[in-house]
Amino acid sequence: MVYDVYERPLLDLRMSVTDRCNFRCTYCMPNIEGQTYCFMNREQLMTFEEMERFARLFVKLGVRKIRLTGGEPLLRKNIDVLVAMLTNIDGVHDVSLTTNGFFLKKYAQKLKDAGMKRVNVSLDALDNTIFTKMNGVGVRSEHILEGIDAALAEGLHVKVNMVVKKGLNDHEILPMAYFFKKKGVTLRFIEFMDVGSLNGWKLDDVVTSKQIYNIISEHMPLEPIAPSHVGEVAKRYRYVGTNVEVGFISSVSAAFCSDCTRSRLSADGKLYTCLFATNGTDLLSMMRAGASDEQLISCIECVWRKRVDRYSEERGKQTTWNGKRIEMSYIGG
């Protein structure tokens, strides 16, 4: 196992399989007048074989959990083949995927058959006036709910992620909580984050986890649940008298940098040690130039040992940033 400057172990790998997405969510890849998104061509993307090799190297350094991200990962053709490759690696305890849910109905069975056990689905509102505005392409919430139902029917464990932005979808907090409590599905509320430089983030737009907790607990009492593992990002609760969970991801109001164990590989094979990073280490070019496993492991280990990232803890109340951070659509959540 390898540790960074603050003694944080490398335990998790989030691997982006594409920078493309079929949504234009306001907090990730917003529709902005004059803004053109230029996506990678096929040759720039890691192949499945390259991703499998990287995964094996990260496992040798202590990684046990792999999450596939994007863009929208279900846009990557034959993604279930990659899932099967990763779930067959000795030492990998968990392979999961974060999706907007649009193609989940189509892929749920294939993902389960490939060995996947759980998926995280992004859904920011049930009300279609709000949801269509947030996803930017007019997709209705019913379509995503069908995907969730398909995943549940296949026996996949589903968590739903809701990004909350003040004045946009904050009045959907209770409807979402009621709906997914009844459904028996874990709902996680995520504070609106200043990832990238395109989403117009302002601290005033953040609805804190404490505020969300208070809204829910006034109607449905909650009790805390102990963390299930080191580096867990969500504070977990359950509705009193049930086994249904609700989580709060508080990267703005209560940053969790101190026990962050996550590394990130972009779709073009660059290693990032923070969601708010500006630069990455180009591992794919090294691999394609003929680097051995030992050379690649040494590079990854060196990068992690020098890691000092704690952006969310250092942010404070600043609402502007002079640098150009990577966008969430490029690196995944």
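**Notebook: a helix pair and selected residues**

I first noted that H3 passes H5 in a right-handed crossing; a crossing is right-handed if the near helix is turned clockwise from the far one by less than a right angle, and left-handed if anticlockwise. The contact involves Leu104, Lys105 and Ala108 on H3, and Glu146, Gly147, Ile148, Ala150 and Ala151 on H5, where contact means heavy atoms within 4.5 Å. Sorted by class, the contact of H3 with H5 has 5 nonpolar, 1 polar and 2 charged residues. In this scheme Ala, Val, Leu, Ile, Met, Phe, Trp, Tyr, Cys and Pro are nonpolar, Asp, Glu, Lys and Arg are charged, and the others, Gly among them, are polar.

I recorded the basis of these entries: the model is predicted, local features need pLDDT of at least 70, side-chain atom pairs count only at pLDDT 80 or more, and totals for chains, interfaces and linings use all residues. Residues are numbered from 1 along each chain as its sequence is written, and side-chain values use heavy atoms, with hydrogens and water left out.

I then looked up the geometry of the pair. The axes of H3 (residues 104-113) and H5 (residues 141-153) come within 8 Å and cross at roughly 15 degrees. Axes are lines fitted to C-alpha atoms, for helices over the stretch in contact, with angles from 0 to 180 degrees between N-to-C directions. H3 and H5 are therefore roughly parallel to each other (under 35 degrees; over 145 is roughly antiparallel, 65 to 115 roughly perpendicular, the rest oblique). Helices (H or I, at least four residues) and strands (E, at least two) are DSSP runs, numbered from the N terminus.

Asn128 counts as buried because its relative accessibility is 15% (buried is under 20% relative accessible area, exposed over 50%, partly exposed in between, with a 1.4 Å probe and protein chains only). Setting aside neighbours within four places in sequence, I found Asn128 in contact with Arg140, Ser141 and Glu142.

Gly70 and Gly71 are joined by a cis peptide bond, with omega about 10 degrees. Gly71 belongs to the loop between strand S2 (65-69) and helix H2 (79-87). Asn78 is in the loop between S2 and H2; its phi is near 60 degrees, a positive value in a residue other than glycine. Asn78 counts as partly exposed, at 40% relative accessibility. Glu7, in the segment before strand S1 (12-16), has a positive phi near 65 degrees. Glu7 is exposed, with a relative accessible area of 57%.
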